[in-house]
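Subject: Structure handover

Hello,

The structure is passed over to you below.

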Amino acid sequence: MSTETEAAAVDVGTPPPAGWEEARARVYAVGLSAALPAVARPLADTDGHTLAEPLTTRTDLPAFPTSSVDGWAVRGAGPWQVVGRVLAGHTAPPLAADGTTVEIATGAMVPAGTTAILRIEESTRAADGRVAGTPRPQPEWREPGEEARLDEELLPAGTPVDPAVIGLAASCGHDTLRVRRSPRAALLVFGDELLTSGPPGAGRVRDALGPSVPAWLRRYGCQVRGGDVVGPVADTLPAHVAALRGALANADLVCTTGGTMHGPVDHLHPALEALGADYVVNTVAVRPGFPMLLARLADTDGRVRFVAGLPGNPQSAVVALVSLVAPLLAGLTGRAMPVLPQVMLAEPVAGRGDQTHLALVRWDRVAGTAHPVRHVGSAMLRGLAGADGFAVIRPGTSGAAGDRVPLVPLPLTSGERP
């Protein structure tokens, strides 16, 4: 369906569409209010999750004085008599007398009584085995608590877990982390006109969203299993209700494609009504992607689930994903609302009147510039395949070359979260 057709097809009884920025803020807030429960996971299984509580230290960091170099831990003035060796992982006996030293390895515990550490490359050995040299004036070891103190908060709840966070948690003595459970998502593909294999023809088009939307959802951190993708669902109200009810039994978020308008075979709205859903957002003033929605269902036990209605046109569906699904998932996982980077337009970008225009662009991260791409019709995917995100042209404006505008990046790495 073209943009012009989308505009013409709006039902006169539909409430005015929400502004794009308002819609994002609204869905983020409802997602945060329904944040998924915390679970304890082994460190190795936490990558890509979100901290459900602050990361604190279980000990001082370092926990004991630690040598920064290979050398000699000495006491008093030299030359020094060698009385032993201390390696990393061992407890060092104290240096009890002046004029004594122990050989020490990087990372080893500094013995009590040490007054300096002499670097191995700056030392000499006399014929009688004693060590000589001049220690540097600055201490050559790390003091306990130099990096952090016991119970100090290192990272707040809501921090995305990545390899650096995992390493930090391990250094603090953690074996597990409490993280937000990953959202489970399902996809329902609506439309009798869709083919699931082979080339399009004879009035039928190939379904591009059934294979691609689950991949986008996984990049936003969702679990999507093989049985969670269903379709094409028959264009009848009973079939839509049954498919939604089945998907909602296990999923936190059900995405649908198509059926978001009010035509003779658009059954999503009456199906949501039959299931007792409440709209969080019902249509958004954005082009492309206008007929999108987010609805909420609450069980008597307090469990909350969401339905994101994506348009049937492929690029419009992706606009709905970045506009509604990404901020919703940020809230559900307890993360901060995604902050949009600013880019400079390399070429002019037209506005869309009183609608927000999300314009596909290629992002030159070195230069900080955004370059519009071709083939950007709402039914096209060619432009999307070569793009990095959407430049945001606010209502009532157009973008001139050199203007700085927000950019909605596409999640290009598998497992990446909003």
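Helices (H or I, at least four residues) and strands (E, at least two) are taken as DSSP runs, numbered from the N terminus. In these terms P288 sits in the loop between strand 20 (284–287) and strand 21 (293–298).

This is a predicted model, in which local features need pLDDT of at least 70 and side-chain atom pairs count only at pLDDT 80 or more, while totals for chains, interfaces and linings use all residues. Residues are numbered from 1 along each chain as its sequence is written, and side-chain values use heavy atoms, with hydrogens and water left out.

Backbone

Most residues other than glycine have a negative phi, and most peptide bonds are trans. The exceptions below can be looked up by residue number.

The peptide bond from R287 to P288 is cis, with omega near -10 degrees. Another cis peptide bond runs from G78 to P79, where omega is near 0 degrees. P79 belongs to the loop between strand 5 (71–75) and strand 6 (81–86).

D151 has a positive phi, near 70 degrees, and is not a glycine. The loop that holds D151 lies between strand 11 (141–142) and strand 12 (153–155). With a relative accessible area of 55%, D151 is exposed (buried means under 20% relative accessible area, exposed over 50%, and partly exposed in between, with a 1.4 Å probe and protein chains only). H375, also not a glycine, has a positive phi of about 60 degrees. H375 is in the loop between strand 25 and helix 8 (382–385), and its relative accessibility of 28% makes it partly exposed.

Nonpolar cores

In soluble globular proteins, nonpolar side chains tend to be buried together. A nonpolar core is here a set of buried Ala, Val, Leu, Ile, Met, Phe, Trp, Tyr and Cys residues joined through side-chain atoms within 4.5 Å. The largest such core has 49 residues, and those with the most contacts inside it are L217, L253, L294, L310, V325 and F390. Helix 7 (residues 314–332) gives the most to this core, contributing 12 residues.

What does V325 touch, once residues up to four places away in sequence are not counted? Its contacts are L217, L253, C255, A308, L310 and A320, where contact means heavy atoms within 4.5 Å. There is also a second, separate core of 20 residues, which includes A186, L188, L272 and A295.

Helix packing

Two helices that pack against helix 7 are described here. Axes are lines fitted to C-alpha atoms, for helices over the stretch in contact, and angles run from 0 to 180 degrees between N-to-C directions.

Helix 4 (residues 209–219) packs with helix 7 at an angle of about 20 degrees, the axes being 11 Å apart. Helix 4 is therefore roughly parallel to helix 7 (angles under 35 degrees count as roughly parallel, over 145 as roughly antiparallel, 65 to 115 as roughly perpendicular and the rest as oblique). On the helix 4 side the contact is made by L209, W216 and L217, and on the helix 7 side by P314, A317, V318, L321 and V325. By class, this contact has eight nonpolar, no polar and no charged residues. In that count Ala, Val, Leu, Ile, Met, Phe, Trp, Tyr, Cys and Pro are nonpolar, Asp, Glu, Lys and Arg are charged, and the others, Gly among them, are polar.

Helix 2 (residues 20–33) crosses helix 7 at roughly 30 degrees, and their axes come within 7 Å. These two helices are therefore roughly parallel to each other as well. W20, A23, R24, V27, Y28, V30, G31 and L32 of helix 2 meet V322, S323, L324, P327, L328, A330, G331 and L332 of helix 7. The residues in this contact divide into 12 nonpolar, three polar and one charged.

Single positions

T369 is in strand 25 (residues 369–372). Is T369 buried or exposed? At 10% relative accessibility, T369 counts as buried. Beyond residues up to four places away in sequence, T369 touches M344, A346, R362, W363 and D364.

P395 is in the loop between strand 26 (389–393) and strand 27 (404–409), and at 41% relative accessibility it counts as partly exposed. Leaving aside neighbours within four places in sequence, P395 is in contact with G353, D354, Q355 and T356. P395 and G19 are 376 residues apart along the chain, with their C-alpha atoms separated by 8.9 Å.

D301 is in the loop between strand 21 and strand 22 (304–310) and counts as exposed at 61% relative accessibility. From D301 to E152 the separation is 149 residues in sequence and 37 Å in space, C-alpha to C-alpha.

Regards
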